[in-house]
Amino acid sequence: MRHVLFDYGNVICLPQSDGDAARLAQGVPGFEERYWELRLDFDRGTLDDGAYWSAVYGRPVAGAELDEVVALDVASWSRPNEETLAIVDELAAQGVPMALLSNAPVSIADGVELLPFMAPIRPRFFSGRMGLVKPDTEIYLRVADGMGVAPGDIVFVDDRLENIEGAERAGMTGVHFRDAATLRDDLKLVL
């Protein structure tokens, strides 16, 4: 039986809302660019929360302020995509094994681990805990090893084409997530 390996952001959860982004921005000019500029380093775990948020805001961020910003960031990535979760429930009912691979810093990973809607998806792999990020081929190979299956037995679902291409280079079958209805159809073709 093939395993389905899901991405998290913009697949299992909804994108950050404009309101969430505005709360995080705190009026910082160019916030969105700064937020994403170092995000892969943050996702890889080469920057901790304090270093990342200090770079984003252009000033030291620590203590209670850092805790608040981290909590806002975690919350901004915690809104479930109910349509995708319906597919997760269908797969679980069919006994299809599922796992998660997300480019996410440790603080986001810790928050995601607590979300009740994530219960059917295990094991979970987060880049910040692995020191690697998608689309590096090595992250997919390590995840396959951690799942105890060959890459060819994994269907990887992600919204970013470069991440799909990385998974395919590692020997997985890639499915480009555009919306839940299309995903349901695409999975019927590969499972």
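Predicted model: local features only at pLDDT ≥ 70, side-chain atom pairs only at ≥ 80, totals over all residues.
Tutor: Local features here need pLDDT of at least 70 and side-chain atom pairs count only at pLDDT 80 or more, while totals for chains, interfaces and linings use all residues. Residues are numbered from 1 along each chain as its sequence is written, and side-chain values use heavy atoms, with hydrogens and water left out.

Student: Why is arginine 124 called buried?

Tutor: Buried means under 20% relative accessible area, exposed over 50% and partly exposed in between, with a 1.4 Å probe and protein chains only. Arginine 124 has 11%, so it is buried.

Student: What makes the pairing of arginine 124 with glutamate 113 a polar contact?

Tutor: The term needs a pair of N or O atoms within 3.5 Å; within protein, one must be able to donate a hydrogen and the other to accept it, and residues adjacent in sequence count only if both atoms are side-chain atoms. The two side chains make such a contact at 2.6 Å. The backbone oxygen of isoleucine 121 also lies 2.8 Å from a polar atom of the arginine 124 side chain.

Student: How do you know that the span of helix H5 agrees with its 14 residues?

Tutor: The expected span is 1.5 Å times one less than the number of residues. For H5 (residues 63-76) that should be 20 Å, and the end C-alpha atoms are 20 Å apart, so the two agree.

Student: What puts the buried residues of H5 on the same side?

Tutor: They are Leu66, Val69, Val70, Asp73, Val74 and Ser76. These cover an arc of only 160° around the axis, which is why they share a side of H5; the arc is that of the directions from the helix axis to the C-beta atoms.

Note on methods. Helix = DSSP H or I, 4+ residues; strand = E, 2+ residues; numbered from the N terminus.
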